[in-house]
There are 2 protein chains.
Amino acid sequence: MEINKVTIHDIAKALSIDSSTISRALNDSPRVKKKTKDRILHKAQEMGYQRNLLASNLRKNITNTIGVVVPRISRHFFSSVIQGVEETAYQAGYNVIICQSLEQLEREKKIIETLMANRVDGVLISISMETMDYSHMEALKNGGVPLVFFDRHCNIPDTNNVLIDDFKGGFDATQHLIVSGCKNIVHFSGPQALGIYKKRLEGYKAALSENNLPFREEYVISSRLMEQDGIENVKKIVTDNLDFDGIFSANDVAAIGAIKYLTNNNVKIPEDVAIVGFSNEPISTVINPALTTIDQPGFEMGKTATDLLLKYIKNQNGIKKSQTIIMDSNLIERQSSKKVRARNI
Amino acid sequence: MEINKVTIHDIAKALSIDSSTISRALNDSPRVKKKTKDRILHKAQEMGYQRNLLASNLRKNITNTIGVVVPRISRHFFSSVIQGVEETAYQAGYNVIICQSLEQLEREKKIIETLMANRVDGVLISISMETMDYSHMEALKNGGVPLVFFDRHCNIPDTNNVLIDDFKGGFDATQHLIVSGCKNIVHFSGPQALGIYKKRLEGYKAALSENNLPFREEYVISSRLMEQDGIENVKKIVTDNLDFDGIFSANDVAAIGAIKYLTNNNVKIPEDVAIVGFSNEPISTVINPALTTIDQPGFEMGKTATDLLLKYIKNQNGIKKSQTIIMDSNLIERQSSKKVRARNI
DNA sequence: CTGTTAGCGCGTTCAA
DNA sequence: TTGAACGCGCTAACAG
């Protein structure tokens with residue numbers, strides 16, 4: 001019931017050995033005789049000693065901890081990234097602090113501040129949709145904290161990024177819809193301040209152009225890509241009587257909203273409207289097995305980003321000042337997507 | 001580019017004021033003249049001072065941080081709990097460390113160890129499916145760390161818990177199926193070492209009994225309730241030619257697996273097989289709007305559990321040694337569940 | 001209101 | 001191989 005207050009000094013006193021030796025023993029230093037070490041470790045165990053990492057980290061000026069900041073942990077893509085981060089970090093002896101910005105800039109700033117105050121050794125981040133001012137990122141850089149962006153990155157010079165090829169993804173998605181017979185493809189886009197959404201839109205445009213299809217402003221709808229946005233978006237184009245037979249959604253959540261709305265209104269997918277979304281969310285295939293996705297390899301991105309970050313933290317030689325890694329993201333056709341839309345055959 | 005090394009002493013030197021005054025000013029103590037405080041804050045900003053929480057916490061022997069341990073952050077129930085925890089904690093000036101055990105006892109133990117080493121002020125936890133030895137929980141208690149279990153709790157004396165009425169939930173779920181016309185109800189259960197699954201099973205039995213329906217061992221299938229388990233479970237009873245018209249799943253994930261399998265095999269839900277699952281997962285209603293759920297109020301549980309924990313941390317008077325709070329969890333019928341199964345009318 | 005002094009618990013010099 | 005002493009950065013106690 002009593003608060004644990006056993007320190008190395010308590011062990012030292014109990015054993016009539018100096019605390020510095022206790023410290024060395026607990027850190028498995030080779031400079032302590034095996035016999036003494038055993039005695040100390042045994043006694044520590046017996047007294048219920050718990051190392052105080054605060055003190056240890058303060059002294060060493062290193063925390064062996066990295067922070068990872070995502071918009072929402074509940075989004076499958078992000079939680080799979082976190083999985084990859086944890087696996088790689090733990091293996092390397094690092095702890096991970098998970099933080100979610102909830103897409104709010106204010107929270108993101110606060111998080112960065114807290115991480116810095118807690119002296120994390122490095123930070124992995126995918127920025128919020130509200131993030132357009134990068135002062136907190138600059139603060140991190142100025143603080144000398146190694147930093148790696150993944151997926152949603154910042155437009156600032158000399159940064160490390162782990163990304164997918166968003167232009168190609170947008171192109172592939174659109175191309176797939178076109179090949180499936182779609183001629184009027186709506187694009188659900190995100191905030192243009194985020195490079196990933198800009199690139200996906202560019203890919204969309206390029207695919208249209210390559211297939212001699214017109215680009216029409218009214219076929220691009222920007223939103224924050226929440227499920228409700230997907231619902232509203234599709235509701236709007238339906239009530240506007242916009243002629244459409246395909247949707248390329250910049251994420252899966254909005255695509256799910258669209259599927260939900262369309263299904264409730266007896267629109268068949270993919271027969272009436274084909275849909276492609278960026279995602280690595282297995283659940284979306286349950287909702288509608290016809291949902292083709294541009295697969296974002298979250299787990300691998302997490303591992304890759306962490307590897308990169310750890311290199312910078314350990315200041316390993318031979319690494320560049322800054323670098324960007326582009327990962328593969330393949331278009332995955334699901335089960336029923338073979339049933340190409342009838343009216344276009 | 002240089003690592004931030006500005007300390008209160010640097011500010012003190014720059015201003016020819018003692019560092020203790022700097023400290024007081026930065027903590028907004030009323031015992032510093034407004035004028036001086038402004039000068040200090042300004043200078044701190046200018047020099048890019050970043051408080052070192054490690055040192056501060058070490059000195060104060062308080063971290064203003066609570067740890068929350070869940071099996072998986074990607075499970076909607078748990079991430080909604082975390083939402084509630086964060087909201088309440090932040091409001092009270094506390095930080096939150098999120099940890100996931102991934103249902104592994106070893107990881108859970110390691111996490112508790114790390115949290116203790118980092119001197120968190122308290123811990124909220126929902127234990128893993130593997131957790132049957134409670135030594136790490138005892139260690140926490142012995143360390144004097146306030147502890148609150150939510151949902152998946154431990155069978156040890158004098159603990160604080162925030163739970164739902166699992167017996168009632170199991171009863172209601174089964175009763176609902178019976179009222180809908182089901183006579184042969186399968187129950188997907190979890191590890192019986194966890195009280196919640198035991199209680200849900202008891203509720204199931206009680207409802208059967210009250211309706212003069214037989215309890216049959218072969219209608220209860222225990223698993224770890226992953227999506228794949230749901231698939232395997234239902235596959236097994238189908239190939240076994242077990243006669244069933246209803247499923248009560250102890251969680252939503254397994255229910256989703258079952259829905260997936262059944263739908264792929266042209267079994268109509270709820271017309272052929274009605275399903276009820278414990279859940280607060282909105283996505284499940286998208287997958288099949290007919291899925292009735294026993295709603296687990298994750299967000300509220302998170303808030304309640306945090307409130308309770310903070311009371312213990314602050315050692316507020318008038319609180320009991322230990323207590324258990326039972327929260328309401330209502331059965332929620334979805335859209336199409338009104339279409340009661342035809343063949344039973 | 002501000003300065004002085006003394007640690008929080010640990011790890012790392014430098015001696016012995 | 002071990003001990004003595006110092007300091008990481010900060011805050012609390014006591015003066016003044």
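Figure 1. The model is a predicted one, in which local features need pLDDT of at least 70, side-chain atom pairs count only at pLDDT 80 or more, and totals for chains, interfaces and linings use all residues. Residues are numbered from 1 along each chain as its sequence is written, chains are lettered from A and ligands numbered from 1 in the order in which they are written, and side-chain values use heavy atoms, with hydrogens and water left out. A residue is near a strand if one of its heavy atoms lies within 4 Å of it. Helices (H or I, at least four residues) and strands (E, at least two) are DSSP runs, numbered from the N terminus. At least two residues of this surface come from each of helix H2 (19-26) and helix H4 (53-60) of chain A, and from each of helix H1 (8-15), helix H2 (19-26) and helix H4 (53-60) of chain B. The surface divides into six nonpolar, 10 polar and 10 charged residues. Here Ala, Val, Leu, Ile, Met, Phe, Trp, Tyr, Cys and Pro count as nonpolar, Asp, Glu, Lys and Arg as charged, and the others, Gly among them, as polar.

**Figure 2. Residues and atoms at DNA strand D.** Around DNA strand D there are 26 residues, of which Arg31(A), Thr36(A), Ser23(B), Tyr49(B) and Arg59(B) come nearest. Of the atoms of DNA strand D that come within 4 Å of the protein, 59% are sugar and phosphate. A side-chain N or O atom of Arg31(B) is 3.4 Å from a base nitrogen of DNA strand D. For Ala55(B), a polar backbone atom is 3.4 Å from a base nitrogen of DNA strand D. These pairs are polar contacts, that is, pairs of N or O atoms within 3.5 Å; within protein, one must be able to donate a hydrogen and the other to accept it, and residues adjacent in sequence count only if both atoms are side-chain atoms.

**Figure 3. H4(A) and the surface near DNA strand C.** H4(A) supplies the largest share of this surface, four residues. Helix H1 (8-15), H2 and H4 of chain A and H2 and H4 of chain B each give at least two residues. Of the 26 residues around DNA strand C, Tyr49(A), Arg59(A), Asp18(B), Arg31(B) and Arg59(B) come nearest. Sugar or phosphate makes up 55% of the atoms of DNA strand C within 4 Å of the protein, and bases make up the rest. By class, the surface has six nonpolar, 10 polar and 10 charged residues. A phosphate oxygen of DNA strand C lies 2.8 Å from a backbone N or O atom of Lys33(B), and a phosphate oxygen lies 3.3 Å from a backbone N or O atom of Asn52(A). At the bases, a polar side-chain atom of Arg24(B) lies 2.8 Å from a base nitrogen of DNA strand C.

**Figure 4. Packing of H4(A) against H4(B).** The axes of H4(A) and H4(B) are 9 Å apart, at an angle of about 140°. The two helices are therefore oblique to each other. Angles under 35 degrees count as roughly parallel, over 145 as roughly antiparallel, 65 to 115 as roughly perpendicular and the rest as oblique. Axes are lines fitted to C-alpha atoms, for helices over the stretch in contact, and angles run from 0 to 180 degrees between N-to-C directions. H4(A) crosses H4(B) in a left-handed sense. Leu54(A), Ala55(A), Asn57(A) and Leu58(A) of H4(A) meet Leu54(B), Ala55(B), Asn57(B) and Leu58(B) of H4(B). This contact has six nonpolar, two polar and no charged residues. Contact means heavy atoms within 4.5 Å. A crossing is left-handed if the near helix is turned anticlockwise from the far one by less than a right angle, and right-handed if clockwise.

**Figure 5. Crossing of H1(A) and H3(A).** The axes of H1(A) and helix H3 (residues 34-47) of chain A come within 10 Å and cross at roughly 115°. Their crossing is right-handed. H1(A) brings Asp10(A), Ile11(A), Ala14(A) and Leu15(A), and H3(A) brings Arg39(A), Ile40(A), Lys43(A), Ala44(A) and Met47(A). The contact divides into six nonpolar, no polar and three charged residues.

Figure 6. Ile269(A) and Pro270(A) are joined by a cis peptide bond with omega of about 5°. Pro270(A) sits in the loop between helix H11 (252-264) and strand S9 (274-279) of chain A. In chain B, the cis peptide bond between Ile269(B) and Pro270(B) has an omega of about 10°, and Pro270(B) lies in the loop between helix H11 (252-264) and strand S9 (274-279) of that chain.
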